[in-house]
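Please look through the structure below before reading my points.

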Amino acid sequence: QVRLAESGGGLVQAGGSLRLSCAASGRTFINFAVAWLRQAPGKEREFVAAVSGSRTSTAYADSVKGRFTISRSSAADTVYLEMNSLKPEDTAVYYCGRSRFVNYASPPSSTPSDYAYWGQGTQVTVSS
């Protein structure tokens with residue numbers, strides 16, 4: 001069984017930074033891509049960023065390119081999302097999910113339904 005737990009959210013002013021963490025336990029995690037998605041009130045869950053199992057390939061939503069950086073620990077059991085230059089529109093609950101299929105080195109998918117095993121989420125609120 002795969003278990004994911006997000007942490008690191010909080011309240012920050014526009015222009016500020018936060019670092020989110022996604023810790024994995026349970027079944028093998030290293031051969032799978034991990035994604036961060038977010039969901040704002042009344043909106044669909046949307047893709048933010050993803051990293052392959054090998055840590056060599058990443059993908060980003062256009063709305064966060066140049067501001068957010070996804071990374072993965074060398075043990076591959078923790079995935080981080082460094083968020084800089086935060087905007088009020090970044091306010092959402094952020095979730096991490098593991099890819100449904102093995103993805104060690106290929107470019108990770110940006111399709112939300114390709115990921116599962118969500119954690120409980122962590123709230124990010126950016127004030128203007």
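**Notes on the fold**

1. Of the contacts with a separation of 6 or more in the protein, 60% are between residues 24 or more positions apart; a contact means heavy atoms within 4.5 Å.

2. This is a predicted model, in which local features need pLDDT of at least 70, side-chain atom pairs count only at pLDDT 80 or more, and totals for chains, interfaces and linings use all residues. Residues are numbered from 1 along each chain as its sequence is written, and side-chain values use heavy atoms, with hydrogens and water left out.

3. The protein has 11 strands and 0 helices. Both are DSSP runs, numbered from the N terminus: helices are H or I with at least four residues, strands are E with at least two.

4. A compact globule of 128 residues would have a radius of gyration near 14 Å, and the protein agrees, because its value is 13 Å. The radius is taken over C-alpha atoms, and the globule rule is 2.2 Å times the number of residues to the power 0.38.

5. In the protein, 48% of the 128 residues count as buried, that is, under 20% relative accessible area with a 1.4 Å probe, protein chains only.

6. Which strands pair with S11? Strand S2 (residues 10-13) runs parallel to S11, joined by 4 bridges, and strand S9 (residues 92-102) runs antiparallel to S11, joined by 3 bridges. Two strands pair if DSSP finds at least two bridges between them. Leu11 has Thr125 of S11 as its bridge partner, while Ala92 has Val124.

7. In strand S11 (residues 122-127), Thr122, Val124 and Val126 form the covered face, and Gln123, Thr125 and Ser127 the uncovered one. In a regular strand, side chains alternate between the two faces of the sheet.

Methods:
Buried < 20%, exposed > 50% of the residue type's maximum accessible area, 1.4 Å probe, protein only.
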